[in-house]
Amino acid sequence: MTARYLSFVMLAILMVCCACAGPAVGGPHLAEEFRNPPRSARPAVYWSWINGLTDQGQLTRELEELKAKGIGGVYIFDVGAQDPQKIVPAGPAFMGPESLAAIGHAVREATRLGLEVGLVTSSSWNCGGPWIPPKYASMGLYHREVAVKGPQHFSEVLPLPTLPKNAPRDAQGQPAFVENVAVLAMPGPAGRPPVIEDPNTIVNLTAQVGPDGRLDWEVPAGEWRIMRFVCANTGLPLRLPSPNSGGLAIDHFNPEATRFHFEYLLDKLHQELGDFKGTALKQMYICSYELSGSTWTPGFLAEFQKRRGYDMTKYLPVLAGGTVKDKTITDRFQYDYRKTLGDLLVDAFYRMATELSNKHGLLLCAEAGGPGPPLHQVPVDALKAQGAIDIPRGEFWKDHDVWVVKETACAAHIYGKAMVDMEAFTSWRHWQDGPFDLKLLADRAFCDGANHFTLHTAAHNPSATDRPGWVYHAGTHAGSNTAWWPKAKAWLDYLSRCSYLLQQGLFVADVCYYYGDQGFNFVPTKHTDPSLGYGYDYDVTNAEVMLSRMSVKDGRVVLPDGMGYELLVLPEREDIDPAVLQKIEQLVQAGATIVGPRPTRSNGLTNYPRRDSEIGTATQRLWGPCDGTTCKENAFGKGKIVWGTNLREILQARGIGPDFGFVCDDKECELDYIHRRTADADIYFVMNKREKWQQVTCSFRVSDRTPQLWLPDTGEITACASYERTNRATRLPLELAPFGSMFVVFRDVAQPPSAGTADVGGRALSGPSWSIDGPWQVEFPPGWGAPASKTLAKLISWTEDRDQGVKYFSGVATYRKTLDLTPDQLGAGRRLILDLGQVRFVAEAYLNGRSLGILWKPPFRVDLTGAARPGANELVIEVANTWSNRLVGDACTEGRDYCRTNIAKSLTWTVPWKDTPLLESGLLGPVRLTSVPTGETASRRSQ
């Protein structure tokens, strides 16, 4: 038997059986909003306006469809087309008169429909546009060397460094913006990265350079290298703007550039909409930072002096690849440089953009935390950046190693923000996936801390007939032009119910890791620390939160919003910020337990080396004689420092067992979870990470509340069949479907004991069963190459049919079958369950004209009882797939192309449609009817 740390103290075991039938008792507000989630929990979409082209009638129809299927909001995203076939015309310039009219129409229609609107703050990403003048465009630091030999009088115009070829230029062909930063001379030959052993030999000649760049200098004897450093435009443009919307990206490190850009946008929006109050416009949205190359801003030297306390001018050669004094000094300067860049990106860009948005009654949402290296060069403390905005957003991909979920969740938790938003299901896959293909990713993101999704993407299509139409060059595609969109509501309701419960209360974590202060810093994906083990969750914090928000209460490290942790864990690093070390001392003095090795030095040049001496004195007080071997903890004040390697042991010594655990017979059994707590409920989300059924016994660190099963696919709430309670935990048997998931919610409810246990479904239904064999009548919609109807002797994938129209069909097809039911099959005390077997991709079942529900994941079962009658019954199964097969058919057969789109390849930009494998599609079966006792239903203990 496989055990996952079910090491709870088993005292005073109480076997409790409770009734299963009927709704849960208590908490009507929570239960009702779980069944019918509010707008705040419903997914949003990136509403891509490809090439900026729109049609107001289609805008309205798309918004109505989004609303009808359960979408809560849209982000208007003007963006260019990846369009090798050149089929997408150019639309109007972003924020020009036509563009503003379309935005205004969309906002007014969204207001009517009760949707929310956000606006992406440029055409494509990186912030900017044709209105950005060179003085506010992105900047770099560039240098050029001149070799001279003294003694002599030098009087020459220093040549400009070579600037990027895309840097803007004036009418005379000269750089549009160049500003001298410094001119330095140092002994030694030019031509290779400078190595300056004595910084005092660097001569600052900046004041001796005239407006025209002429340097007058009496050169001392010997060889000298003159280095001219200038700030100039990088020329970096927006990444993929619509054809008439290109322009320069802004200088993200200059608050005046941010102000200029945002005030331009906000003024234009006010011209179209007037006061934003009462409209659907609620957010401004900033995509991830994806600039590259040299980074500088005109005020950088002054900002560095203010923030680090010393003049960095003589260290500029380091930024040209050189060394000043030695590696230690050079590395410490580089830390200070990175720290300053990160602080400026937060303050000058994210914080300024937030203040400007808030001033106009809007919130700022941003992907402020990356993704960082190796994908993008983001110079920032990611947690600090996420904490500076209103709504932190991460992202996760279907087919690419990008997963910025745990970092975003940590930022929200430590900065007291309720929403953990995700750009969801981004991929290079076009029309390859249905809802069940995405479910595992969604559930993983939920377990990592996400509680709201923004789907990537739903493209606007001015044409009412083209399918799948124009789309953004990356998937995964949603919206009314998706082939399975008519059946999308159940999937979107699932995401909404999960998001709603995971927005309640506070995240439960036992450990908070301080991730150090490297200048640029990012949180890795969620993982199990070997020293902590499975069943404990954690957050990651930064220096800003430690210094400004952390305190101690009853021996726990706490934050103002209610978050609390048993342990604060330090990184395995020699360096530490002196202010952070001082705060650690205050926390331990107040009663905190802090785990980690003794740091030995500071991490910059500010007041170096005095700070290193101060750190040595402070760590001697805190760690005492402990070195991690002969002594592993030191009491200090009301708390202690532990030089520990086994966090699990430390927690258990404090009486804190695992928050979650499980046992199962299958050695490959693998679950994940997340836990949130409100004043009157403990909410656990549990997911099966394997595509197979799992029978498990789960343990939850709750002993004083009653467990219930909350099923996010249906909104059903049931009491538990049985559970076992100790003085510290509750054990509960669960059966989880392939990639299944569910909520176990513990509440203060009174439920009467039951003499037996109730069965809410299993992998095999009990009772007499009948196979529903062929023939099946299948109907196809006109205009897509398939016959109007076809009789199938047995159920097969459409791709196996000899008829080319069926083989390559994409869309919704209708299966019909007459069921002859006997009174015995519908007898009292029995329920009749229909199991469709395998479905690709989504189905909706009807009996006698009554919809029985949308089925998008296994088991594909519905209860026929309420609609069935003795005698003949008309069974209808509508099945939807994706556009992929029809696009393959268009590429592989001569004649009419049924699909129209700008996407020429299906997977990762490399696989043309003609080489794309066909996807199994349709009702695959086997289809069966089972008569079960009334207590057994088609619903499951898991989704």
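Reply: Asp-554 is found in the loop between β23 (551-553) and β24 (556-558). Those strand names come from DSSP runs: a strand is a run of E of at least two residues, a helix a run of H or I of at least four, and both are numbered from the N terminus. You're looking at a predicted model, where local features need pLDDT of at least 70, side-chain atom pairs count only at pLDDT 80 or more, and totals for chains, interfaces and linings use all residues. Residues are numbered from 1 along each chain as its sequence is written, and side-chain values use heavy atoms, with hydrogens and water left out.

Most residues other than glycine have a negative phi, and most peptide bonds are trans. Asp-554 counts as exposed because its relative accessibility is 74%; exposed means over 50% relative accessible area, buried under 20%, and partly exposed in between (1.4 Å probe, protein chains only).

Met-95 also has a positive phi, about 70 degrees, without being a glycine. Met-95 sits in the loop between β4 (73-79) and α3 (97-113), but it's buried, at a relative accessible area of 1%.

Now for the cis peptide bonds. One joins Gly-370 and Pro-371, with omega about 15 degrees, and Pro-371 lies in the loop between β15 (363-366) and α7 (382-387). Another joins His-456 and Thr-457, with omega about -5 degrees; Thr-457 belongs to strand β18 (residues 452-459).

In the largest nonpolar core, of 186 residues, Phe-453 joins Tyr-350 and Phe-425 in touching the most other members. Such a core is a set of buried Ala, Val, Leu, Ile, Met, Phe, Trp, Tyr and Cys residues joined through side-chain atoms within 4.5 Å. Helix α6 (residues 327-359) gives this core its largest share, 12 residues. Leaving out residues up to four places away in sequence, Phe-453 has contacts (heavy atoms within 4.5 Å) that include Pro-43, Phe-396, Phe-425 and Leu-495.

Finally, the rings: Phe-396 and Phe-425 form an edge-to-face pair, 5.2 Å centre to centre with 85 degrees between the planes. Rings of Phe, Tyr and Trp (its six-membered ring) pair if their centres lie within 6.5 Å; planes under 30 degrees apart are stacked, over 60 edge-to-face, and the rest tilted. Phe-396 is in β16 (residues 391-397) and Phe-425 in β17 (residues 421-426), so the pair ties together parts 29 residues apart in sequence.
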